[in-house]
Amino acid sequence: MSPRTATPRHYLMCRPVHFTVDYSINPWMDPAKPTDTGTALAQWDQLHALFQRLGHTVELIEPLPGLPDMVFAANGATTLDGRVLGARFRHPERAAEGPAYADWFRARGWRVKDAEHVNEGEGDLLVVGERVLAGTGFRTEAAAHAEAREFLGREVVPLRLVDPRYYHLDTALAVLSDTEVMYHPPAFDAASRAVLERLYPDALLADADDARVFGLNAVSDGANVVLPEAAVRLAERLRERGFTPIGVDLTELLRAGGAVKCCTLELRH
Ligand SMILES: CN(C)C(=N)NCCC[C@H](N)C(=O)O
């Protein structure tokens, strides 16, 4: 097997200074269970430091009070070829995050389009080489897929999610390289599974145990795959395919329904 090559990436992250779970918009969130912001910060700091050790550039956006989910930067936008499709959130609790992320990009000279339809950024719009895989079913509207196609100028492949635990595409599918993905088939409807089988016949399929610990909420640079450390089988299978899996502990953030990928928005110039 030829060695995998990592390419340095540019990420945007948001420190979980205001992290808590005080509302519930996905099955992982239980406001009755207290969270520990200090633990969330310590776990996030480890992820941030790891990306830097791997040679990636990480920008930070100022966390805003009253937006506890802002740590999930991947939901803040979708970037491609220097263009930014702004996010428009389904739930009012997160609505103010869209303009906050759009302002960050505008202040740095990026071309930003304000979204007309609900789309939750890279939570549901995943760039795989020349195409964009687009989730719908729980958050991002199908109409947003056409908007993304027009603005980003790429083929957009709609995929329907059917299990509320996997409410964003990036909880059920991870991009490993420009041509490879891994996913959990039961998270998708039959038509979408057929599309994935046709496009990625050799995809790595994650079982229920690895999906449940958010093993698919992973970030790959083409060689290193950063994923929740509890996804042990998935890590083993990534190693068999020549990747270097790196497990991290983000269990405190999982209490809001997010992990590695959720915290990481890729900036594509
Ligand atoms: C993969 N990404 C970006 C995510 N899955 N994001 C986590 C969002 C969590 C938040 N409580 C929510 O329910 O929106």
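Q: Which residues form one aromatic cluster?
A: Trp-104, Phe-105 and Trp-110 do. Please keep in mind that this is a predicted model, where local features need pLDDT of at least 70 and side-chain atom pairs 80 or more, while totals for chains, interfaces and linings use all residues. Residues are numbered from 1 along each chain as its sequence is written, and side-chain values use heavy atoms, leaving out hydrogens and water.

Q: How many aromatic pairs does a search of the whole structure find?
A: First, the idea: two numbers describe a pair of aromatic rings, the distance of the centres and the angle of the planes. Rings of Phe, Tyr and Trp (its six-membered ring) pair if their centres lie within 6.5 Å; planes under 30 degrees apart are stacked, over 60 edge-to-face, and the rest tilted. Searching the whole structure gives 5 such pairs. One of them joins Trp-28 and Phe-214 edge-to-face, with 5.0 Å from centre to centre and 80° between the planes.

Q: Which parts does the pair of Trp-28 and Phe-214 tie together?
A: Trp-28 belongs to the loop between strand S1 (10–13) and helix H1 (37–53), and Phe-214 to the loop between helix H5 (208–212) and strand S12 (219–220), so the pair links parts 186 residues apart in sequence. Helices (H or I, at least four residues) and strands (E, at least two) are DSSP runs, numbered from the N terminus.

Q: Is Phe-214 buried or exposed?
A: Buried means under 20% relative accessible area, exposed over 50%, and partly exposed in between (1.4 Å probe, protein chains only). Phe-214 has 0%, so Phe-214 is buried, whereas Trp-28 has 21% and is partly exposed. Phe-105 and Trp-110 show another edge-to-face pair, because their ring centres are 5.3 Å apart and their planes at 80°. Both Phe-105 and Trp-110 are buried.

Q: What covers S1 on both faces?
A: His-10 and Leu-12 point to one side, Tyr-11 and Met-13 to the other, and all are buried, leaving both faces of S1 covered.

Q: In which sense do S1 and strand S2 pair?
A: Two strands pair if DSSP finds at least two bridges between them. S1 and S2 (residues 57–60) are parallel, over 4 bridges, and Tyr-11 has Val-58 as its bridge partner in S2. With strand S15 (residues 265–266), S1 pairs in the antiparallel sense over 2 bridges; here Tyr-11 stands opposite Glu-266.

Q: In what order do 3 strands form an open sheet?
A: The order is S6-S7-S8, with mixed pairing. Strand S6 (125–128) and strand S8 (155–160) are the edge strands, each pairing on one side only. Strand S7 (residues 131–136) runs parallel to S8 over 6 bridges, and Val-132 has Val-156 as its bridge partner in S8.
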